[in-house]
Amino acid sequence: MVSSLSVPRLVIAAPSSGSGKTTVATGLMAAFAARGLAVSPHKVGPDYIDPGYHSLATGRVGRNLDAYLCGPELIGPLFAHGARGCDLAVVEGVMGLYDGAAGEGELASTAHVAKLLRAPVVLVVDASSQSRSVAALVHGFASWDPEVRVGGVILNKVASDRHEELLREALEAAGVPVFGVLRRVAQVDTPSRHLGLVPVAERRGEAVEAVAAMAAQVSDGCDLDALMGLARGAGVLSGAAWDAAEALVSSPPLRPERPRPPTPDGLVVAVAGGEAFTFSYAEHTELLAAAGAEVVVFDPLRDEQLPEGTRGLVVGGGFPEVYGAELSANEALRKDIAALAERGAPVAAECAGLLYLCRELDALPMCGVLDASARMSERLTLGYRDAVAVGDSVLAVAGTRMRGHEFHRTVVEPGAGAAPAWGVRTPRPHVEGFVQQGVHASYLHTHWASEPGVARRFVERCRTS
């Protein structure tokens, strides 16, 4: 399907992390949605948590735009897929404006995505410890790459009216529009822990209040009409919107060709959800559904059995370490999952899912599908990974190359099974993860839109297992 990629759009960026991008981006999404606009929320990079707040602000699925995981060529199509039929798209950046994949130049940076989307950038500047110097800072960011259009700034953490006056004077002299000025507001702060913000699913009413406070602050402190005018000046993009069904048709098979068995009705793929497993990309379930699966979400904290008729299981990322006691206490479900795996049914697990399938997590019994032990660690493991499938599995054949992202403070011992999931090339060559019977378990988060055949192969294995 050819998409009209003329939707008004803004990229919300910053000189560095901690400047207030999430507050401003989420507040803008909610403020424009309150005006009756259909707002499409997006997040640069692999982060799963911010899109939850975006979804709460807009009532639409928050979607990621990651040029490393998916490739630059998919940024426009994935954006168009999410923004179809919307009045405005707001894209929250990652880290600093020009920070991308380590050692890869601009790849996957906010600036890179802004250029691919031909979208103007609004720079959120933490002005708490500067006055006239803000003009030099903004000038540097605006002039660093002529292809990046910095349309103006929103000043955050401004201390007083006098402070605001000094900042505005400096930026006016530099010819940079100021679209908003925000003071620090306590209720806008969102709690963090070892891997960043606490997900929306865990905060419920508090998250709703936080998003409402963000919207109120942004509405009061920003010129929404001027920002909408800037968004309307985004360049027109040409190309087709991403479509799960079309992606499956056009992707090469990740197995030798053989006759395809008929599709049974009600082929259920269970997907873990709830507070403990909040990390997932919307395109994964869309691809599973397009491949013929009936996707049913269940909550490992509360449901004592897998959904009726489950033929395959997907357990994504999240925080099982926070809910270890509750997950362990649900012995009935743990046994049901172990029995499913023992029967050879396809099971795909990423990061938190890997921990859940282990024998134990911090000495608490888990599903016992894998003969491995997991524990919390002081060390943060973080970064993009370039990986190759070591052998055949329910997701891919040996040699399939995929890019992933690792983000955790846990250790699994051993780190790989007799049949590892991936051979990781970067940042150091090693093997990791587990492939046994129908199980594929790994620390790597991957984005299946980059290799749609993964979803098709998984569902086909569900049909035949």
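Colleague: Is α1 largely enclosed by the rest of the structure or exposed, and how many of its residues are buried?

Modeller: In this predicted model, 12 of the 14 residues of α1 are buried, so the helix is largely enclosed by the rest of the structure.

Colleague: Which residues of α1 are buried?

Modeller: The buried residues run from Lys21, Thr22, Thr23, Val24, Ala25 and Thr26 through Gly27, Leu28 and Met29 to Ala30, Ala31 and Phe32.

Colleague: And what span does α1 reach from its first C-alpha to its last?

Modeller: Helix α1, residues 21–34, reaches 20 Å between those two atoms, which is close to the 20 Å expected at 1.5 Å a residue. Just after α1, glycine 36 takes a positive phi of about 95°.

Colleague: Changing topic, in what order do the strands of the sheet stand?

Modeller: The sheet is open and built from 7 strands with parallel pairing, in the order β3-β2-β4-β1-β5-β6-β7. Because β3 (63–65) and β7 (178–181) stand at the edges with a single partner strand each, one side of each is left without a neighbour in the sheet. From one strand to the next, the twist averages 25°.

Colleague: How many bridges join β2 to β4?

Modeller: There are 5 bridges between β2, residues 39–44, and β4, residues 88–92, and the two strands run parallel. Within this pairing, lysine 43 stands opposite glutamate 92 in β4.

Colleague: Which strands does helix α9 lie across?

Modeller: Helix α9, residues 224–232, lies across β1 (9–13), β4, β5 (121–126), β6 (150–156) and β7, and it runs at about 110° to β1.

Technical notes:
Residues are numbered from 1 along each chain as its sequence is written. This is a predicted model: local features need pLDDT of at least 70, side-chain atom pairs count only at pLDDT 80 or more; totals for chains, interfaces and linings use all residues. Side-chain values use heavy atoms; hydrogens and water are left out. Two strands pair if DSSP finds at least two bridges between them. Helices (H or I, at least four residues) and strands (E, at least two) are DSSP runs, numbered from the N terminus. Axes are lines fitted to C-alpha atoms, for helices over the stretch in contact, and angles run from 0 to 180 degrees between N-to-C directions. Contact means heavy atoms within 4.5 Å. The expected span of a helix is 1.5 Å times one less than its number of residues. Buried means under 20% relative accessible area, exposed over 50%, partly exposed in between (1.4 Å probe, protein chains only).
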